[in-house]
Amino acid sequence: MAIPGSLLSAAHVVHLKSERLVMRRFTVEDDELLVELDSDPEVVKHVGGVPSTLARIREEVIPRVVGYYDTLVDGGVWATHEIATGAFIGWFHYRPDRAPPHDQELGYRLRRAAWGKGYATEMSRVILTHAFEALRHPRVIAHAEKANTKSWHVMEKLGMTRELERQESGVPVVQYGISREAWSRRSA
Ligand SMILES: CC(C)(COP(=O)(O)OP(=O)(O)OC[C@H]1O[C@@H](n2cnc3c(N)ncnc32)[C@H](O)[C@@H]1OP(=O)(O)O)[C@@H](O)C(=O)NCCC(=O)NCCS
């Protein structure tokens with residue numbers, strides 16, 4: 001199925017690039033891309049399990065996401081495309097965690113067609129490099145359901161270490177983290 005707006009346009013505001021991917025700002029035109037992403041039960045299995053409706057995307061998600069660009073310095077949620085094809089593959093986020101102490105938090109959600117190509121790890125490396133070297137943030141964390149092995153496997157490949165496990169609404173969740181010093185040692 002052709003997804004309207006799935007190709008990267010020259011009008012989009014680009015944020016960061018990796019070897020194979022480019023991240024750009026979301027716009028109000030991206031509602032159908034987000035609905036399509038969340039309509040796959042496998043994609044939302046470990047992130048609430050419920051597909052987002054078009055109304056929720058338009059009324060809650062897009063306004064929040066677009067608002068980040070005004071309030072955060074290089075933080076937010078970015079639509080991500082394959083450079084080779086222009087195809088929308090999902091999103092990455094980097095922003096203060098909602099829970100205290102509000103460490104910077106990395107996250108990702110990719111269309112199933114984009115899994116298994118190393119994309120989550122590739123772009124997360126670029127985000128962490130920017131976070132530590134350009135933004136000079138001291139620490140970055142990431143969360144996943146414990147059952148979401150694909151997600152925390154990415155965190156481990158990035159050099160993040162498991163810091164804690166807890167229950168959220170009865171679901172076991174793991175938190176990973178990495179300091180700027182640990183990132184520098186890995187990159188040296
Ligand atoms: C979790 C998720 C982001 C992982 O994405 P991904 O891009 O498939 O993850 P990775 O970067 O680990 O790549 C997966 C595999 O691609 C393979 N791969 C293929 N080509 C590759 C390449 N050129 N370079 C690197 N790896 C490559 C690797 O073998 C890797 O697996 P391995 O490390 O076990 O060998 C994805 O499954 C997803 O979006 N899930 C649904 C939403 C979700 O759960 N988000 C997280 C919420 S906490």
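Analyst: Before the first question, one term is needed: two residues are in contact if their C-beta atoms, placed from the backbone, lie within 7 Å. The model is a predicted one.

User: Among contacts between residues at least 6 apart in sequence, what percentage join residues at least 24 apart?

Analyst: The count takes in contacts in the protein between residues separated by at least 6 positions in sequence. Of these, the share that joins residues at least 24 apart is 56%.

User: How many helices and strands does the protein have, and why can it be called as compact as a globular protein of its length?

Analyst: Read along the sequence, the pattern is β-β-α-α-α-β-β-β-α-β-α-β-β-α, which comprises six helices and eight strands. The globule rule gives 16 Å for 188 residues, and the protein is as compact as a globular protein of that length because its radius of gyration is close to that value, at 16 Å.

User: Which element gives the most to the shell around the ligand?

Analyst: The elements that each supply at least two residues of this shell are β5 (104-110), α4 (119-134) and α5 (149-157). The greatest contribution, five residues, comes from α5.

User: How many residues surround the ligand, and which are the closest?

Analyst: By class, the shell is made up of nine nonpolar, eight polar and four charged residues. The ligand is surrounded by 21 residues, and the closest are Leu110, Gly118, Ala120, Thr121 and Ala144.

Methods: Residues numbered from 1 in each chain as written. Predicted model: local features only at pLDDT ≥ 70, side-chain atom pairs only at ≥ 80, totals over all residues. Near = placed C-beta within 6 Å. Helix = DSSP H or I, 4+ residues; strand = E, 2+ residues; numbered from the N terminus. Nonpolar A, V, L, I, M, F, W, Y, C, P; charged D, E, K, R; others polar. Rg over C-alpha atoms; globule rule 2.2 N^0.38 Å.
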